[in-house]
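Hi there,

I am passing a structure on to you, and the notes below it tell you what turned up when I went through it. Have a look at it first, then read on.

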Amino acid sequence: MGGRVVLGIESSCDETGAGIVRDGKLLAHVVASSMDEHARFGGVVPEIAARAHLQAFTPVVREALDRAGLRPGQLDAVAVTTGPGLSGALQVGLAGAKSLAFAVGVPLYGVHHLAGHVAADTLEHGPLPAPCVVLIVSGGHTSLLLVRDLVGEPILHLGDTLDDAAGECFDKVARVLGLPYPGGPAIDRAARTGDPHAVAFPRPLSRPGDDPYAFSFSGLKTATARWAEGHRLRGEALPVADGAAALQEAVADVLTRKAVAACTAYDVKTLIVVGGVAANSRVRALAEERCAGNGIELRVPPMTLCTDNGAMIAAVGELLVRSGAEPAPLDVSIDPSAPLEYASLTPLPAPSLHTA
């Protein structure tokens with residue numbers, strides 16, 4: 001069996017994921033989600049997420065190995081998300097990955113969660129073009145990146161969100177509109193029967209003089225809340241479908257307009273859209289339309305690889321192994337707020353202070 005076999009572990013939020021990759025090809029991909037346990041709270045509860053990871057870790061890894069037809073001893077490396085994410089959730093995944101790597105006697109690689117989202121596309125479309133522009137849109141992150149060599153060079157941030165991420169905006173507005181958690185899929189469903197031009201919601205940071213690649217969705221969230229409040233104060237029924245469609249249109253417009261502008265400015269011919277919000281139907285459709293109109297190739301992973309999963313972490317791990325990168329030290333720790341600079345993330349615990 002040629003090639004290195006890498007198991008990837010993802011536990012940064014409410015999904016426990018295990019994926020197995022060999023030579024850039026996906027052999028297995030299993031995810032257990034605790035989303036239903038968080039739904040009644042309207043968002044992820046860190047303690048619940050950590051306990052769910054504890055319960056799901058072993059079954060998810062075992063199922064991934066079974067689907068790939070492998071035994072633990074046939075693994076060549078283990079990769080694990082070491083940040084960013086929820087501290088307790090990350091700790092569970094790292095502890096399990098360390099234990100497995102130690103027991104099998106294979107190297108461990110720490111991976112940045114967002115680099116995983118970027119690498120997810122390689123499992124469907126092959127190696128990343130160099131250079132490429134990557135738009136990461138998820139519940140906690142919205143970033144526009146210039147990527148040349150994902151595991152070999154620093155990742156250039158063209159722009160990031162200054163406040164709420166796009167997915168966070170969807171979650172918060174869904175609550176205002178009376179839609180269930182998670183908000184992104186709920187808004188997408190509601191928008192199907194709505195008029196995207198019914199409400200003139202703002203396009204944040206789109207005026208001349210604004211940062212061309214930065215994002216801001218807090219004001220859009222507030223505008224939607226005020227629109228809904230106005231209907232309620234007047235005693236009018238809330239046109240939820242129209243509100244959802246208009247909000248979704250505003251978010252998709254800003255995301256895709258800035259992403260295509262970055263491709264044009266940097267003379268890049270490929271745009272890659274990844275992260276949970278990449279599953280949004282309007283974001284995908286508008287990205288396709290604008291890329292086609294500007295001679296840009298659009299690459300978007302399959303829906304199952306857009307949300308958090310272990311396959312994307314395995315993909316980064318396999319690239320790190322192939323590049324000859326140094327494994328993580330035994331005392332590798334987590335960094336819940338790690339900025340994306342390199343795909344490899346191997347923070348060390350802070351030194352303990354002892355007084356005489």
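This is a predicted model: local features need pLDDT of at least 70, side-chain atom pairs count only at pLDDT 80 or more; totals for chains, interfaces and linings use all residues.

A disulfide is a covalent bond between the sulfur atoms of two cysteines. The cut-off used here is 2.5 Å between the sulfur atoms, and by this rule the count comes to zero disulfides.

Next, find the strands. Five of them form an open sheet with mixed pairing, in the order β3-β2-β1-β4-β5. β3 (25–33) and β5 (108–112) are the edge strands, each pairing on one side only. From one strand to the next, the twist averages 20°.

Two helices lie across this sheet. Helix α4 (residues 113–120) lies across β1, β4 and β5, and runs at about 85° to β5. Helix α12 (residues 310–323) lies across β1, β2 (15–22), β3, β4 and β5, and its angle to β1 is about 135°.

**Strand β4 and its neighbours**

What does β4 pair with on the β1 side, and in which sense? Strand β1 (residues 5–10) and strand β4 (residues 77–83) run parallel and are joined by four bridges. If you want a place to start looking, I9 stands opposite V80 in β4.

β4 also pairs with β5, in the parallel sense and over five bridges. Here V78 has L108 in β5 as its bridge partner. To get from β4 to β5 the chain goes through helix α3 (residues 87–104), and this β-α-β crossover is right-handed.

Why can β4 be called largely enclosed by the rest of the structure? Because seven of its seven residues are buried.

**A closer look at T81**

T81 sits in strand β4. T81 counts as buried because its relative accessible area is 0%, while the cut-off for buried is under 20%. The side chain of T81 makes a polar contact of 2.6 Å with the side chain of E10. Leaving out residues up to four places away in sequence, T81 touches I9, E10, S12, L90, V111, H113 and I313.

In a regular strand the side chains alternate between the two faces of the sheet. That is a handy thing to bear in mind while you turn the model around.

**And V104**

For a contrast, go to V104, which lies in helix α3. Is V104 buried or partly exposed? V104 is partly exposed, with a relative accessible area of 23%. As for distances, V104 and E47 are 57 residues apart in sequence and 29 Å apart in space, C-alpha to C-alpha.

Enjoy exploring, and write back with any questions.

Best wishes

Note on methods: Residues are numbered from 1 along each chain as its sequence is written. Side-chain values use heavy atoms; hydrogens and water are left out. Two strands pair if DSSP finds at least two bridges between them. Axes are lines fitted to C-alpha atoms, for helices over the stretch in contact, and angles run from 0 to 180 degrees between N-to-C directions. Contact means heavy atoms within 4.5 Å. Buried means under 20% relative accessible area, exposed over 50%, partly exposed in between (1.4 Å probe, protein chains only). A polar contact is a pair of N or O atoms within 3.5 Å; within protein, one must be able to donate a hydrogen and the other to accept it, and residues adjacent in sequence count only if both atoms are side-chain atoms. A crossover is right-handed if, with the strands pointing away from the viewer, the path from the first strand over the helix to the second runs clockwise.
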